[in-house]
Amino acid sequence: MATPTTAGTNDRKPRTLLVRNAALLATMDAARREIRGGGLYIEDNRIVAVGPSAELPSEADEIIDLSGHVLIPGLVNTHHHMYQSLTRVLPAAQDAELFGWLTNLYGVWSRLTPEMVEVSTQTAMAELLMSGCTTSSDHLYIYPNGCRLDHSIEAAARIGMRFHATRGSMSIGQSGGGLPPDSVVEREDAILADTRRVIEAYHDDGRYAMLRVAVGPCSPFTVSQALMRESAALARSYGVRLHTHLAENVNDVAYSREKFGMSPAEYAEDTGWIGDDVWHAHCVHLDDAGIGLFARTGTGVAHCPCSNMRLASGIAPVRRMRDAGVPVGLGVDGSASNDGAQMVGEMRQAMLLQRVGFGPDAMNAREALEIATLGGARVLGRDDIGALAPGMAADFAAFDLRGLAFAGALHDPLAALVFCASAPAAWTVVDGKVVVREGRLETVELEPLVERHNRLAHALVAG
Ligand SMILES: [Zn+2]
């Protein structure tokens, strides 16, 4: 139906994509509509129409038939350290809690190279995209041997993922009472200067932006109070978001009380790390006063259930946070503390873990999906992703319900996606472009990527 554009004119017709006949379309729109036989009509990178397939246009430049599939908004990952894909399941760090785990890994990570950042970012993104995730943040806080945030930004552009790159940092080494060895920390003036550089070079605050930059001192036990304050002021002077780790486990809370005489939430407030432009990873041990503070101020949380179980950090009070009105998104966390970056699996674990902690009605499948879509969008400060509605970005994922995992579960196909064994995405579309087609990654050749990633992982650990 598209007519060729005339060279030299500006009246280019939009490229159109029609998606139709989904067994079930979960819109996550304001009315939470679920449409049997539903579909989407897309122009370039945005959704123009959503509804029953019969009510959509019948032609387009590309048509995808989703019979037998469940169609959902692209999942949003709000916390990750993609370089850690190189150190999954490292024997010395398999069975430790947070501080011991970090101490066993810092030395290995100090050998990270720019090529390793680039390849591990693509590997992590491939895994996310193939599990229906279309937007991810990444928190890169270690910059040895010439590594720069630019290396992960370039990797994201090549694979086609919507990306929130966080310029992390560590400035207090062991000699200053911090946890990391001095060899992996940076000078605070250099951190702030490089943070300014990447914001000015890359941050896009426009609607449908494929790339945004956030500011992220790693944690209260790796940077000074001054750097926390200055980072917050710098982020706000540019209107970019703030991200760090908070109240991850009991040792983290004890460090805060001992060193600062404050609870993690009080420390966050004292240093300017409260507000609707801030999101904190974990918050497993956020107390009631902290939950109230986060709710009043719109401060966000990235909930990372697999990592919290893996490191025995505890069960984050997501039920209480949500009831109080705290914005909560979902995060896979770094691959070395989760060892997987499968977003559907993460939804499942979020639902199951709340039940272990707080009873069978603590979270249902639809709420887990809401946290992984609308919740993540809010935590990242976006109103153009997380739902399928006219005017939203054309980011979606579809899962084939006809396979073994869903056999006998089609009474409720949407809940099946969360309850059953975590399925790979059959289709993942980001910004109107097909990135995963019938289960295959289209933008990067997977086999050579994995081979290269394994080679680099071996070299990193062997030293
Ligand atoms: Zn983390």
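Mentor: Happy to! Two strands pair if DSSP finds at least two bridges between them. Strands (E, at least two residues) and helices (H or I, at least four) are DSSP runs, numbered from the N terminus. This is a predicted model, where local features need pLDDT of at least 70, side-chain atom pairs count only at pLDDT 80 or more, and totals for chains, interfaces and linings use all residues. Residues are numbered from 1 along each chain as its sequence is written, and side-chain values use heavy atoms, with hydrogens and water left out.

Trainee: Good. Which residue in S16 is the bridge partner of Thr-428?

Mentor: That's Val-436. Strand S15 (residues 427–430) pairs with S16 (residues 433–437) in the antiparallel sense, over four bridges.

Trainee: And what stands opposite Val-436 in S17?

Mentor: Leu-441. S17 (residues 440–441) runs antiparallel to S16, joined by two bridges.

Trainee: Which residues in those hairpins have a positive phi?

Mentor: In the S15 and S16 hairpin, Asp-431 in the turn has a positive phi of about 55°. In the hairpin of S16 and S17, Glu-438 takes one near 50°. Each of these hairpins has two residues between its strands.

Trainee: Switching topic: what coordinates the zinc ion?

Mentor: His-79, His-81 and His-245, each through NE2, plus Asp-333 through OD, at 2.1 to 2.5 Å. Donors here are N, O and S atoms within 2.8 Å of the metal (3.2 Å for Na, K and Ca); water is not among the atoms, so sites may look incomplete. The donor spacing in sequence is H-x1-H-x163-H-x87-D.

Trainee: Are His-79 and His-81 buried or exposed?

Mentor: Both are buried, meaning under 20% relative accessible area, with exposed over 50% and partly exposed in between (1.4 Å probe, protein chains only).

Trainee: How many residues of H2 are buried?

Mentor: Twelve of its 16, including Met-116, Gln-122 and Leu-129. H2 covers residues 114–129 and reaches 22 Å from its first C-alpha to its last, close to the 22 Å expected at 1.5 Å a residue; that expected span is 1.5 Å times one less than the number of residues.

Trainee: Zooming out, how many helices and strands does the protein chain have?

Mentor: There are 15 helices and 17 strands. Of the 463 residues, 61% count as buried, and the C-alpha trace spans about 65 × 55 × 40 Å along its principal axes.
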